[in-house]
Amino acid sequence: MSVYIKGGTVVSASGTQDADVLVEGEKITAVLPREPDIAISVAADRVIDATGRYVLPGGIDVHTHMEMPFGGTFSADTFETGTRAAAWGGTTTIIDFAVQAKGTSLLATLDKWHAKADGNCSIDYGFHMIVSDVNDTTLKEMDACISAGVNSFKMFMAYPGVFYATDGEILLAMQQAARSGATVMMHAENGIAIDQLVAQALAAGRTDPVDHGLTRPPELEGEATSRAITLAKVANCPLYIVHLSAAQALAAVAEARDAGQNVFAETCPQYLFLSLDDLARPDFEGSKFVCSPPLRPKEHQDSLWRGLRTNDLSVVSTDHCPFCFKDQKELGRGDFSKIPNGMPGVEHRMDLLHAGVVAGQLTLPRWVEVASATPARMFGLYPRKGVIAPGSDADIVIYDPAARQTLSAATHHMNVDYSAYEGVELTGRVATTLSRGRVVIDDGTYQGSPGHGAFLARGANQYLL
Ligand SMILES: [Zn+2]
């Protein structure tokens, strides 16, 4: 099967180009710049007219949680429903998190996550490994994970008693990662201090969703981020801060990067577009916006957009971790600490970032860089993914920058009963999504199938200084 995409504007991290793209089988075989007055004629099984549209490398969302166990329940999207929703929104690769339970092995954990995903994904996928039990066996198993294509390990300074690791455990894991050429990802919030603030709030009768935000102040994200950076410096280990939300944390990352340390960070659309005001919505509506770190006061948003422009924030992922309002978020009525942490978002990342382009916050190439090219390099997938070039996988999004859409739970494809962006109107929409040469989304219809998506064994971080 060959596909010829003609008439579009190819957008890459380095710029835009009027060019046609030829796909044969699963790969891109040619990018053909168009010259005035020179007609190109290419034979293909299918021709897609991309006139007036952008032709992008497919989005790469490096932070998702499909059917993740949390507090006795599971996030509501399976690998099947979640990857289908991703494709609708122009994302063609996800990297999800395998979650080590205390007392279990990393390799058994990886097998478990393969069993959840294999045969169910519409688009390609990889895994990071969450290390929640640091011991001699676990540390030895990190090398085996790397051989199995999992080159990034996530740890938590939050959630004492669940995922929390002490500074000593973090140091040991970072030293091992440094020896093995892996990257450590960090949830940087001071969970020990936060738990005290949570207990104080509940004791004082402050039980609403907004108190989730007020008991996790931005200073405690800034402090944990600084501490993680210091530990990584001592261990000489590359560090990637996940879901950075606060100006204080961004300042710590910027300082480390200015000093030449291999420190990187991502933020998420919810921190760019939503705020503490949403957590404060009445009638328990605020629970729809409970995630950690929490949504911040609006003034943090400008810092985050600036960080995206200056590359102190290098990636935008979603931290997609949906829980339904009914029966799941409602577990926390009367006690915000029992609200499952997480928000839906895998479907809307490309569109919301395009809204940033429309608003003048990002350039077109920077949109592609933070959403596709850098994620591919950061997590060892480049140039197979993240670029439109001969030899790369034909993961391609044809994007209509003039289309209008209104986000709503009534029309989205994620398996969750609310939208965090209900009623928000956007300019721009995916027209067509190709995954390894196969048309998955075709002008408003889903043409994919579970099992098309393949596991991606990833290599080392290609973004190191
Ligand atoms: Zn997460």
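V10 has V55 as its bridge partner in strand β6. Strand β2 (residues 9-12) and β6 (residues 54-57) pair in the parallel sense, over two bridges. Strands count as paired if DSSP finds at least two bridges between them. Strands (E, at least two residues) and helices (H or I, at least four) are DSSP runs, numbered from the N terminus. V10 also stands opposite Q17 in β3. Here the sense is antiparallel: β2 and β3 (residues 15-24) pair over four bridges. The two strands form a hairpin, with two residues between them.

The model is predicted; local features need pLDDT of at least 70, side-chain atom pairs count only at pLDDT 80 or more, and totals for chains, interfaces and linings use all residues. Residues are numbered from 1 along each chain as its sequence is written, and side-chain values use heavy atoms, with hydrogens and water left out.

The zinc ion has three protein donors: H63 (NE2), H65 (NE2) and D319 (OD). They lie 2.1 to 2.2 Å from the ion. Donors are N, O and S atoms within 2.8 Å of the metal (3.2 Å for Na, K and Ca); water is not among the atoms, so sites may look incomplete. The sequence spacing is H-x1-H-x253-D. H65 sits in the loop between β7 (59-64) and β8 (69-70). D319 lies in the loop between β16 (315-316) and α12 (349-358), 254 residues apart from H65. Both H65 and D319 are buried, that is, under 20% relative accessible area with a 1.4 Å probe, protein chains only (exposed, over 50%; partly exposed, in between).

W367 contacts Y54, L56, M350, L353, H354, V357 and Y399, residues up to four places away in sequence not counted. Contact means heavy atoms within 4.5 Å.
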